[in-house]
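Student: Could you show me how to read a structure, one feature at a time?
Tutor: Gladly; let us look at it together.

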Amino acid sequence: LSLRKITEGNRNTVATSKRTDTFGNMTTAASNTIAELQSRLSDLELSKTHNDVSGIIQKERTEMLLSLRKIMEAMKTDAAGGASSKELEKLRAENEELKKINAKQNYRIEHLVNNLRGAVDK
(Lines give C-alpha, C1' and ligand atoms only; values in the text may rest on other atoms or scores of the structure.)
Protein backbone atom coordinates (compact mmCIF):
# COMPACT_ATOMS: atom_id res chain seq x y z
CA LEU A 1 0.00 0.00 0.00
CA SER A 2 2.67 2.49 0.83
CA LEU A 3 4.50 1.72 -2.41
CA ARG A 4 1.30 2.29 -4.25
CA LYS A 5 0.81 5.66 -2.53
CA ILE A 6 4.34 6.69 -3.37
CA THR A 7 3.83 5.74 -7.01
CA GLU A 8 0.55 7.65 -7.15
CA GLY A 9 2.19 10.58 -5.41
CA ASN A 10 4.98 10.57 -7.95
CA ARG A 11 2.43 10.52 -10.79
CA ASN A 12 0.59 13.44 -9.25
CA THR A 13 3.86 15.33 -8.84
CA VAL A 14 4.82 14.63 -12.45
CA ALA A 15 1.36 15.73 -13.65
CA THR A 16 1.56 18.86 -11.54
CA SER A 17 5.06 19.54 -12.86
CA LYS A 18 3.82 19.12 -16.43
CA ARG A 19 0.94 21.52 -15.75
CA THR A 20 3.37 24.04 -14.27
CA ASP A 21 5.65 23.71 -17.27
CA THR A 22 2.70 24.15 -19.61
CA PHE A 23 1.48 27.17 -17.64
CA GLY A 24 5.03 28.57 -17.65
CA ASN A 25 5.25 28.11 -21.40
CA MET A 26 1.88 29.80 -21.88
CA THR A 27 2.96 32.68 -19.65
CA THR A 28 6.21 33.08 -21.54
CA ALA A 29 4.35 32.95 -24.86
CA ALA A 30 1.84 35.52 -23.61
CA SER A 31 4.69 37.76 -22.39
CA ASN A 32 6.41 37.47 -25.75
CA THR A 33 3.17 38.28 -27.55
CA ILE A 34 2.56 41.31 -25.32
CA ALA A 35 6.14 42.52 -25.89
CA GLU A 36 5.70 42.09 -29.64
CA LEU A 37 2.40 44.01 -29.57
CA GLN A 38 4.00 46.81 -27.56
CA SER A 39 6.84 46.95 -30.06
CA ARG A 40 4.36 47.15 -32.96
CA LEU A 41 2.40 49.86 -31.16
CA SER A 42 5.51 51.96 -30.58
CA ASP A 43 6.50 51.47 -34.24
CA LEU A 44 3.05 52.65 -35.34
CA GLU A 45 3.23 55.68 -33.05
CA LEU A 46 6.68 56.49 -34.41
CA SER A 47 5.38 56.08 -37.95
CA LYS A 48 2.47 58.44 -37.25
CA THR A 49 4.84 60.99 -35.74
CA HIS A 50 7.09 60.62 -38.78
CA ASN A 51 4.13 61.19 -41.11
CA ASP A 52 3.08 64.29 -39.15
CA VAL A 53 6.62 65.70 -39.24
CA SER A 54 6.93 64.80 -42.92
CA GLY A 55 3.76 66.76 -43.68
CA ILE A 56 5.04 69.77 -41.77
CA ILE A 57 8.37 69.62 -43.60
CA GLN A 58 6.59 69.34 -46.96
CA LYS A 59 4.45 72.39 -46.12
CA GLU A 60 7.54 74.36 -45.06
CA ARG A 61 9.36 73.43 -48.28
CA THR A 62 6.37 74.53 -50.35
CA GLU A 63 6.27 77.90 -48.60
CA MET A 64 10.01 78.32 -49.06
CA LEU A 65 9.76 77.55 -52.78
CA LEU A 66 6.97 80.10 -53.18
CA SER A 67 8.98 82.77 -51.42
CA LEU A 68 12.05 81.92 -53.52
CA ARG A 69 9.98 82.28 -56.68
CA LYS A 70 8.81 85.71 -55.53
CA ILE A 71 12.40 86.72 -54.85
CA MET A 72 13.50 85.49 -58.28
CA GLU A 73 10.72 87.46 -59.96
CA ALA A 74 11.72 90.56 -58.02
CA MET A 75 15.35 90.09 -59.05
CA LYS A 76 14.33 89.70 -62.68
CA THR A 77 12.33 92.92 -62.53
CA ASP A 78 15.20 94.74 -60.83
CA ALA A 79 17.64 93.43 -63.41
CA ALA A 80 15.37 94.70 -66.18
CA GLY A 81 15.40 98.15 -64.65
CA GLY A 82 12.30 97.62 -62.61
CA ALA A 83 10.18 99.60 -65.05
CA SER A 84 7.60 98.54 -67.55
CA SER A 85 7.81 99.52 -71.20
CA LYS A 86 5.24 102.31 -70.67
CA GLU A 87 7.31 103.77 -67.87
CA LEU A 88 10.44 103.53 -70.01
CA GLU A 89 8.74 105.38 -72.87
CA LYS A 90 7.53 108.07 -70.48
CA LEU A 91 11.03 108.48 -69.01
CA ARG A 92 12.60 108.71 -72.48
CA ALA A 93 10.10 111.40 -73.52
CA GLU A 94 10.80 113.34 -70.33
CA ASN A 95 14.53 113.00 -70.96
CA GLU A 96 14.14 114.42 -74.47
CA GLU A 97 12.13 117.37 -73.11
CA LEU A 98 14.83 118.06 -70.51
CA LYS A 99 17.53 117.92 -73.21
CA LYS A 100 15.63 120.53 -75.25
CA ILE A 101 15.22 122.81 -72.22
CA ASN A 102 18.90 122.39 -71.35
CA ALA A 103 19.96 123.25 -74.91
CA LYS A 104 17.81 126.44 -74.85
CA GLN A 105 19.30 127.50 -71.52
CA ASN A 106 22.84 126.85 -72.75
CA TYR A 107 22.12 129.04 -75.79
CA ARG A 108 20.75 131.83 -73.60
CA ILE A 109 23.73 131.62 -71.23
CA GLU A 110 26.19 131.81 -74.14
CA HIS A 111 24.26 134.76 -75.58
CA LEU A 112 24.33 136.61 -72.21
CA VAL A 113 28.04 135.87 -71.71
CA ASN A 114 28.85 137.20 -75.20
CA ASN A 115 26.82 140.36 -74.53
CA LEU A 116 28.56 140.86 -71.16
CA ARG A 117 32.01 140.46 -72.72
CA GLY A 118 31.05 142.96 -75.41
CA ALA A 119 29.83 145.42 -72.79
CA VAL A 120 32.97 145.01 -70.68
CA ASP A 121 35.24 145.47 -73.65
CA LYS A 122 33.61 148.81 -74.62
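Student: How many residues apart are Arg 40 and Glu 36 in helix α1?
Tutor: A helix here is a DSSP run of H or I with at least four residues, a strand is a run of E with at least two, and both are numbered from the N terminus. Arg 40 and Glu 36 are four residues apart in helix α1, so about one helical turn separates them. This is a predicted model, in which local features need pLDDT of at least 70 and side-chain atom pairs count only at pLDDT 80 or more, while totals for chains, interfaces and linings use all residues. Residues are numbered from 1 along each chain as its sequence is written, and side-chain values use heavy atoms, with hydrogens and water left out.

Student: What do the side chains of Arg 40 and Glu 36 form?
Tutor: A salt bridge means a side-chain nitrogen of Lys or Arg within 4 Å of a carboxyl oxygen of Asp or Glu. Here the side chains of Arg 40 and Glu 36 form one, at 2.8 Å from N to O, and a search of the whole structure finds one salt bridge.

Student: Is Glu 36 buried, exposed or partly exposed?
Tutor: Buried means under 20% relative accessible area, exposed means over 50%, and partly exposed lies in between (1.4 Å probe, protein chains only). Glu 36 has a relative accessible area of 44%, so it is partly exposed. Leu 65, found in helix α1, which covers residues 2-79, also counts as partly exposed because its relative accessibility is 48%.

Student: What share of the protein chain is buried?
Tutor: Of the 122 residues in the protein chain, 0% are buried, and the chain contains two helices and zero strands.
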